[in-house]
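Please look over the sequence and the structure shown below before reading on. The report that comes after them is written for a reader who is new to this structure.

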Amino acid sequence: MNLKPVLILLGLALATIFALVCVLLTRERSPRSCQHLAPEQEDTEDGQSLVFADLTAEEMSQVVWYLRGQLGVPLVEAWRAKPSENCIAWLDVQVPAKAEVLRFLDSGGARPPREALAVLYFGQQPEPNITELVVGPLPGPAYHRDVTVRKYGGKVPYHRRPTLPVEYKQIGAFLKSRVFPSAPAFMQQVMEYDGANLAAVTAAPRGFQSGDRVTWFVLFQNVSGFFLHPVGLEVLVDHSSLDISEWAVSRVFYNGQYYRDMVQLESAYVQGRVSVEKVRKAPRDGDFSSMKPRAPAAAPFPLQFEPQGPRYRVRSNQVTFQGWSFAFGMSVSRGLRLFDIRHKGERVAYEISVQEALSVYGSNCPAGMSTRYMDGSFGLGRYTSPLVPGVDCPYLATFVDTLSLSDSLRPKKRKASLCIFEQNLGSPLRRHYSNLQSLYYGGLVNSALVLRSIATVGNYDYVWDFIFYQNGALEGKVQATGYPSSSFLHGDGLRYGNRLWEHTLGTIHTHSVNYKVDLDVAGVKNSLMAHDMVFEMTQAPWSPEQQMERPRLTRKVLDTEDQAAFLLHSKMPRYIYFAANSKNKWGHQRGYRIQITSSAGDHIPEASSMERAISWARYQLAVTRRKEEEPTSTSIYNQNDPWTPTVAFADFINNETITNQDLVAWITAGFLHIPHSEDIPNTVTVGNSVGFLLRPYNYYDLDPSIYSQDGVFFTSEQDFTACEINPLACLPKTASCLPNFPPFTFDGFRNM
């Protein structure tokens with residue numbers, strides 16, 4: 001018998017068995033895929049949150065269809081409208097009156113009719129104006145009413161209209177076709193202008209008095225990060241006429257000198273009377289301003305994942321998480337906002353919303369020295385950025401699309417413009433290690449829910465966060481990043497900032513952000529309380545001949561709006577809280593404390609002709625009686641006419657009583673930014689974060705986070721390696737799984 005084939009077959013069989021055993025053993029050791037479990041919390045979604053929901057695409061389309069058919073005037077698409085034509089500037093949801101909403105939410109009342117707010121520019125009228133119309137009911141509109149006079153006390157003049165993107169395009173065409181050709185030698189030899197290598201950036205406000213629409217435009221090299229590449233040329237354009245052919249240049253600035261127009265600059269240049277500072281041509285990637293990494297990719301940075309899936313739930317516009325629930329939305333002008341914020345089923349706040357982001361600049365160049373950007377006018381919601389997974393938000397966050405209708409007659413989807421995620425902050429929310437008397441450890445991880453959007457308004461990126469903690473605290477925070485604004489460095493420029501590159505002056509400026517916080521602490525009617533401390537001298541009871549200093553609690557009721565208005569850098573009680581009419585188990589009024597985190601620069605002097613338009617920034621905190629006729633601290637129309645502000649917050653404060661009333665806190669946080677070399681190429685968020693905290697203050701009988709399922713406690717006498725004693729000991733079993741990282745996607749460059 002020939003044994004060779006038998007031995008070969010036997011060898012193959014043994015090899016196969018060995019391979020199968022290896023596969024099975026490897027498979028047993030390989031981590032399994034993470035299994036998502038439903039959040040263990042009560043599902044409170046019953047559709048009530050939709051009373052606050054942003055407009056749907058269908059509702060927007062129906063409103064446009066209704067307005068085009070019912071107004072009896074031609075409506076041009078805003079992206080191509082001339083100043084002399086009519087257009088729909090944008091649509092937003094008209095949130096019903098608070099009393100109507102609360103009857104619906106709390107008392108079984110009828111659902112308020114759903115309505116839209118339409119902002120229209122009527123340029124083709126004998127008296128051009130801005131009109132605000134409420135259109136309803138949705139989804140099938142049948143009526144509209146003009147609310148402009150009721151809201152603002154009169155018609156809104158046309159010159160106050162926020163500048164649409166199309167107007168900037170028209171000004172760009174005006175510069176290219178009519179202004180730059182009037183200085184051919186200067187533009188070719190000094191600017192090396194080829195029709196596309198310069199970018200213009202607007203200043204604002206636009207002039208010195210009501211009715212002006214005269215804007216400085218700064219010219220930069222049109223490269224990546226162009227905000228850092230000024231060329232020294234600035235042009236003042238008078239675009240107040242509704243007839244574009246009548247637009248004109250009012251003044252020209254170049255390298256420290258002013259000229260009547262480009263013709264005069266050209267004449268002076270040809271005659272050799274211009275001090276020329278030739279700027280080296282930058283490559284298309286911007287060179288020093290490029291965001292491209294200067295180092296190759298290495299090992300991945302740490303990533304978070306949820307071993308059993310998200311512990312929060314998002315349905316429509318409502319989020320629930322660890323006892324929290326809230327509705328969210330995105331205002332076209334003001335950006336991120338929350339409604340009906342509840343903890344443990346009880347409403348804590350009715351509305352928390354961003355109101356405005358203000359920047360006040362200094363420079364020795366005309367545009368820089370006159371700039372006071374009020375970004376709500378440009379649109380904090382309109383310019384909400386698409387978010388990049390893994391950088392803007394954790395890779396496995398929940399991303400939410402939003403819709404808007406602005407500059408068009410058709411709604412547009414902003415992909416992934418909101419994100420929601422739970423974040424382990426890497427530190428304990430509370431803990432104690434006991435090595436005296438009994439031996440034990442108790443603690444709770446600080447894991448919080450974050451709702452985020454990022455608005456890119458020109459050069460700056462604002463990261464807006466609302467953060468929900470397990471102890472009932474809520475934080476509103478904004479972080480600033482993006483490119484610093486710059487001026488052309490000349491003369492005494494270093495009085496107004498730091499030199500960032502050869503010809504680049506990083507200009508000093510302030511950032512101020514205003515929030516509306518409509519707290520309803522254990523009911524709508526609250527009072528404002530102030531607690532603080534003083535040192536008092538006392539005799540030691542056990543030794544009367546000795547004196548000692550001891551801290552004592554001070555208590556004060558702030559009865560009026562004047563008492564509750566704290567100027568920006570004034571001393572403010574360290575504990576200020578909204579107090580309810582009810583008490584906790586220990587006899588204290590239940591409350592929520594306001595704690596502000598801010599390092600704001602100085603406010604513009606009140607003697608300034610435009611200060612009333614930004615008078616909310618006078619105050620670090622102001623508490624007023626809530627009124628439907630005072631829905632916002634400012635107006636989108638204040639930017640282009642701050643000299644006669646459409647809304648002046650200072651008028652809200654008129655010494656009315658605020659005891660046992662429905663109250664609103666208006667909070668201002670900010671910081672001073674003096675750009676420095678480390679702002680190249682980009683300003684970082686570290687150190688540029690401000691905001692506020694809302695913290696329970698005797699609201700509960702004890703810390704509600706003690707009921708969190710994340711708590712850890714074990715003693716020296718227990719087996720703390722046992723899963724049933726210590727949940728951390730379960731992690732090798734419950735968290736040893738492979739997260740599912742979906743393929744990277746980004747839609748931010750579509751439909752630009």
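## Basis of the model

This is a predicted model, in which local features need pLDDT of at least 70 and side-chain atom pairs count only at pLDDT 80 or more, while totals for chains, interfaces and linings use all residues. Residues are numbered from 1 along each chain as its sequence is written, and side-chain values use heavy atoms, with hydrogens and water left out.

## An annotated domain

An unreviewed UniProt entry carries the annotation "domain: Copper amine oxidase N3-terminal" for residues 163-256; UniProt positions are given in the numbering used here, feature names are shortened, and annotations may be inferred rather than shown by experiment. The span is 22% helix and 31% strand, and its end C-alpha atoms lie 28 Å apart. Helices (H or I, at least four residues) and strands (E, at least two) are DSSP runs, numbered from the N terminus.

Strands are said to pair if DSSP finds at least two bridges between them.

β20 pairs in the antiparallel sense with β19 (residues 412-434) over twelve bridges, and Gly443 is the bridge partner of Arg431. Gly443 also has Val712 in β35 as a bridge partner, where β20 and β35 (residues 711-715) pair in the antiparallel sense over five bridges.

## Two hairpins

The hairpin of β19 and β20 has five residues between the strands, and Gln437 in the turn has a positive phi of about 60 degrees. β20 also pairs with β21 (residues 460-468), in the antiparallel sense over nine bridges, with Val457 opposite Tyr460. Two residues lie between the strands of this hairpin, in which Gly458 takes a positive phi near 65 degrees.
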